[in-house]
Amino acid sequence: MSDFPTRARVVIIGGGVVGCSALYHLAQKGWTDCVLLEKNELTAGSTWHAAGNVPTFSTSWSVMNMQRYSTELYARLGDEVDYPMNYHQTGSIRLAHSTERMQEFERAAAMGRYQGMDIKILTPEEVKELYPFIETHDLTGALYDPNDGDIDPAQLTQALAKGARDMGQRIIRFCPATGVTQTDDGWVVHTDKGDIACDYVVNSAGYYAQRVGEWFKPYGGRSVPMMVMSHQYLLTEEIPDIEAWSKETGRKLPLLRDVDVSYYLRQEKHGYNLGPYEPNCCAHWDTDSDPMPEDFSFQLWSDDLDRIEDIVTDAMERVPLMATSGVSRVINGPIPYAPDGLPLLGPMPGVKNAFEACVFTFGIAQGGGAGKVLAEWIVDGQTEWDMWSCDPRRFTDYTDHDYCVKKGMEVYGNEYAMHFPRHEWPAGRNKKCSPVHEQVIAQGGQMGAYNGWERANWFAQPGDDISQKATHTWGRAGPWQQRIREECEAVRDHCGVLDLPGFSRFAVSGDGAAEALRGLIAGGLPKAGRMNLVYIADSRGRILTEMSCLRSGEDEFTMITAASAQWHDRDILRAAMPAGVTVEDLSTCRDTLIVTGPKSREILAPLTDADLSLGWLSHQAATVAGHPAYLVRVSFAGELGWEVHALNDHMPAIYAAIREAGAKPFGMYALNSLRIEKGYRAWKGDLSTDYSLLEGGLDRFMKLDKPQDFPGKAALQQERQQGAQKRFVTLVVEAGEADAPYMSCLWKDGEIVGETTSGDWGYRVGTSIALGMVRADLATPGTELEVEIYGRKHRATVQPDQPLWDPHNERLRA
């Protein structure tokens, strides 16, 4: 092939809507020497048989941003690239059958309004006005999104491809990639038509992404966490009443979603398109007897209408007009699913200069925004919105095939389910258990999964309702409430112990380690034998991560971070360290206990040879219950306490001894309440790249006058001169039955002026607390705001910049 490119800045593998969007957005950012490889024709995978719905609705702030951007792009794309497109912004109506569903809608509507969308809450009567063919007698209400609609997936993909080509990008069809080889400064992508050298490579291979991902394993990669679902939708024959209504009104009917039954129903020409997400769902290509074919381009499976019979019947009862027509066609095709139903979008874990933009369950709705996000990742090294919800590094080594299939089935079968704050999904559990897991279960531990690790959320007593149904509430009250109170009071008045497996911990050592860390973190390093909190910013000065830094020697450090940050922070540390400095991941070989409360010294003293008089933020090697351990004088609960770190084999005896000495077990729910009373930030809630270190109130952890040019230093210096636009605040909230969830709107005089980043009830201070970001001029203590919690506004008062509990840290330092 004489004009085959042998060099490109970026090679994208996969020609669906997401790959073409990435190519288009790279060109828009000025990178016009990129290549997209497609083994068949564009759209040959999930794109070609996609229904083409384009919702903005999400209960995730970042996913809503991504989908909102898609709707805005698609509305103008045809004119921008001069390509005809069928894009109908019909609006959509999401139906609610319960108060809990309406609360979910109110929360999503508030987020949408904050992002500038005109989302409305409807009564059943208003639904009938917008959709005359619907039965509304059993509805509680609905959510209306005027920007929702549908688009032709093939036209969308071709429009993005044309726009990319017009800016100089290359698309090579019928040219499958066959492998990759890493070079000193990038990659070589192999094809049957020749090799292409490039700086960056993108896996955008849709439901083939796992196969492509195998090529990167020799270079630090892992199996792509995904599976494939069989998804059906059916098209009816044309219905005269719909044709007459459309001719009379000049538009299509709004798209209906009956989320409590689990289907969407939209007008397709003058008939209907019904798309169910049935609980009795079916995975494909998940066993040795059902292998993935080499090529499934433009193919479908035979229909299986028995699976969706009940949902079809319900839809006909909801819209009786549908029953007047027969089925004209059934589409049953493969849709990829990640274990949480969100795509893999961002840096490939463990692999330099490689990215993923794959496993999109809703690729049409998210494709426009995904291309924008990926182009920002590659070109700028950071994204406008914090995209942790889709970052491939959110999954680590527990996502084996069994896990991916079970979770994919669970997500599909509960596609429209409400994600209540105290509900734990049961599939794919016990992938990582602490060495004291059985002891925790025996004490009534009600478990949650944290980066695959099982941790106790709360401890039930005999007679407590531990059913899943009990967790189906947005409110604070439940069988856990009294137990959380008791656990917090034990930590306040005596001593509690929390088993905390899965802490991400990295040993950083070697000549030059200290200086490399000084050039990475925004603040200073502790002295040997001491520890402190350190923060790493991106080039804009935004909060990339937080770590506890324990120093053992001149160039010997242990960096400890959140369980979910394991692969994210590992990649940051390894990328920043020079030759000769090693970063060893010790996350799985050790366990951690938090032993905390005013009696914790008395509990530990008979069990250890440690010097328990050493001050706050010290650390030391010692024995506990006769076993080697490491004690760190710190407590995320905000009381006198220690973290006890030990090898897995030694922890059961240590834990048992501490329990027998009188420490009461407490769980993650209590810990969250305790930490929020202290104003301690949580990663990817209060601490994210949506905020700068200055906005986050982390001034005391920065050293802008140090000689090292750490990431974000110039941006933070400029921001300090100009003044931050937002400031972190603690709020006391007159909250009612529910505490403020993440991204609840803060109001002042009828205007949205900020958002909460986390909220909970403080059992030591006896009030509801929210942490959040507010317009800088309103961050003054005593300022009264309102926080919108599930559709209702509650008074919230800005507090002084200090902890609500033990404001001078006297109990911590005791």
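Analyst: Start with an open sheet of 6 strands, in the order β29-β30-β31-β28-β22-β32 and with mixed pairing. Strands here are DSSP runs (E, at least two residues) and helices are DSSP runs (H or I, at least four residues), both numbered from the N terminus. Two strands pair if DSSP finds at least two bridges between them. The edges are β29 (619–624) and β32 (664–665). Each has a single partner strand, so one side of each lacks a neighbour in the sheet.

A word on the source. This is a predicted model: local features need pLDDT of at least 70, side-chain atom pairs count only at pLDDT 80 or more, and totals for chains, interfaces and linings use all residues. Residues are numbered from 1 along each chain as its sequence is written, and side-chain values use heavy atoms, with hydrogens and water left out.

Strands β28 (residues 590–596) and β31 (residues 641–647) run antiparallel, joined by 7 bridges. D591 has A646 in β31 as its bridge partner. In general, strands of a sheet pair through backbone hydrogen bonds, either parallel or antiparallel.

Next, helix α18 (residues 668–677). Of its 10 residues, 9 are buried, so the rest of the structure largely encloses α18. Buried means under 20% relative accessible area, with a 1.4 Å probe and protein chains only. Among the buried residues are M668, Y669, R675 and E677. G679 follows α18, with a positive phi near 75 degrees.

Then the second largest pocket. Its volume is about 970 Å³, taken as the space filled by probe spheres set on grid points joined across faces, edges and corners. A pocket is an open set of points on a 1 Å grid over the protein atoms alone, where a 1.4 Å probe fits, with protein on both sides within 12 Å along at least five of seven lines. Lining residues have an atom within 4 Å of a point. There are 38 of them here, and P347, R393, D571, I572 and A575 lie nearest the centre. Elements giving two or more residues to this lining are β19 (354–358), α10 (363–380), β24 (531–537) and α15 (566–576). α15 gives the most, with 6 residues.

Last, an annotated stretch. The unreviewed UniProt entry annotates residues 726–804 as "domain: Aminomethyltransferase C-terminal". Such annotations may be inferred rather than shown by experiment. Over residues 726–804 the chain is 0% helix and 58% strand. The end C-alpha atoms of that stretch are 21 Å apart.

Key: Buried means under 20% relative accessible area, exposed over 50%, partly exposed in between (1.4 Å probe, protein chains only).
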